[in-house]
Amino acid sequence: MAQAAAVAKPPAPPRRRRVSATPRRLPYLLIAPAALLMLGFIAYPVISVFYYSLQNYNPTKPWRNGFAGFDNFVQIFTKDPQFWDTLIFSAKWVVVEVGLQLLFGLALALIVNQTFVGRGLGRALVFSPWAVSGVLTSVIWVLLFNSQTGISRYLADLGIGAYGTSWLSDTSTVFPAAVVADLWRGVPFFAILILADLQSVSKDLYEAAEVDGASRLKQFWHITLPHLKDAIVLSTLLRAVWEFNNVDLLYTLTGGGPAGETTTLPLYIANTSVDAHNFGYASALTTVAFVILLFCSIVYLRLSKFGGDDK
């Protein structure tokens, strides 16, 4: 008994403090309201479009409303020549606009990246059109293309062209006129992104290339262009999607005319839903446009190897 009493009892192990799960979940709880709002504003319209694409839904003809299955999609691909015309024009519009905007944006970015007097003012002037909304851009160019007070009248005063010429009403000039109007607003987008990436290129690379006797063209081809690859891929993809979905500028400039010459697929969708009130068929057109954009985006990113190693 004495020996047992003499033996000291070992100290009790310290109790482990239970870590509350609340601090770990706190960030998710804080972003939950915004996430739910985003989910509601994005997911609900997308699901609604998919749902109505399988319906005959026209508020002006309620007796025809009901489940249509894939009839809308069958009509799109087999009985609607306007769909193919607008899709072809949309592809033409995207290729021309994105190609020219990239070319001029790259040139402007290279220019304003140089050191010269008044560079800050030059950059502000170059980037300012991007801050103008699409509708306001359209209004500006409608005034510039006006046959009575616009550019064509001043050219006629100089003996170039005839008085009363309306470039937006002529099928041979409406496409170039619309392209110029959208170029004015779209070029600064490429210039901004490319200039931001240009400023991260190390000057040591250019100095080493000059020591090796590389010309300006070779420096651009082997140093500048590879460094800008990801920026160019991302900007062209974003701009292609935006140009494909362009409605405000073409709607305000031409309304899709003359004779449907400038009607893109999104503009056709807008006319089908807003003017004809055929929301079911317009939803099916929107679903097809979504699938086309998704497929082209995936293929473009795979072919360009965006974010990957060029080796």
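**Note on the predicted model**

1. Ile42 lies in helix α2; helices here are DSSP runs of H or I with at least four residues, strands are E runs of at least two, and both are numbered from the N terminus. The model is predicted, so local features need pLDDT of at least 70 and side-chain atom pairs count only at pLDDT 80 or more, while totals for chains, interfaces and linings use all residues. Residues are numbered from 1 along each chain as its sequence is written, and side-chain values use heavy atoms, with hydrogens and water left out.

2. Ile42 has a relative accessible area of 47% and is partly exposed, the class between buried (under 20%) and exposed (over 50%), with a 1.4 Å probe and protein chains only. Ile42 belongs to a nonpolar surface patch that also includes Phe41, Phe50, Phe290 and Ile298, with about 980 Å² of accessible area together. The elements giving two or more residues to this patch are α2 (22-52) and α14 (279-304). The most comes from α2, with six residues. Patch members have over 30% relative accessible area and no salt bridge; nonpolar side chains (Val, Leu, Ile, Met, Phe, Trp, Tyr) are joined within 5 Å, like charges within 9 Å. Areas come from the Shrake-Rupley method with a 1.4 Å probe, and for residues only the protein chains shown count as cover.

3. The unreviewed UniProt entry lists "transmembrane region" at residues 26-54, 93-112, 124-144 and 279-301. Such annotations may be inferred rather than shown by experiment; positions follow the numbering used here, and feature names are shortened. Residues 26-54 are 93% helix and 0% strand, with end C-alpha atoms 41 Å apart. For residues 279-301 the figures are 100% helix, 0% strand and 32 Å.

4. Helix α8 (residues 174-198) reaches 35 Å over 25 residues, close to the expected 36 Å, which is 1.5 Å times one less than the number of residues. A bend of about 40 degrees falls at Trp184, with Pro188 following within four residues; the angle is between axes fitted to the seven residues ending there and the seven starting there. Of the 25 residues in α8, 19 are buried.

5. One salt bridge is counted, defined as a side-chain nitrogen of Lys or Arg within 4 Å of a carboxyl oxygen of Asp or Glu. Glu243 and Arg239 form a salt bridge at 2.9 Å, N to O. Both lie in α11 (residues 229-244), four residues apart, about one turn of the helix. Glu243 is buried at 1% relative accessibility, and Arg239 is buried at 4%.
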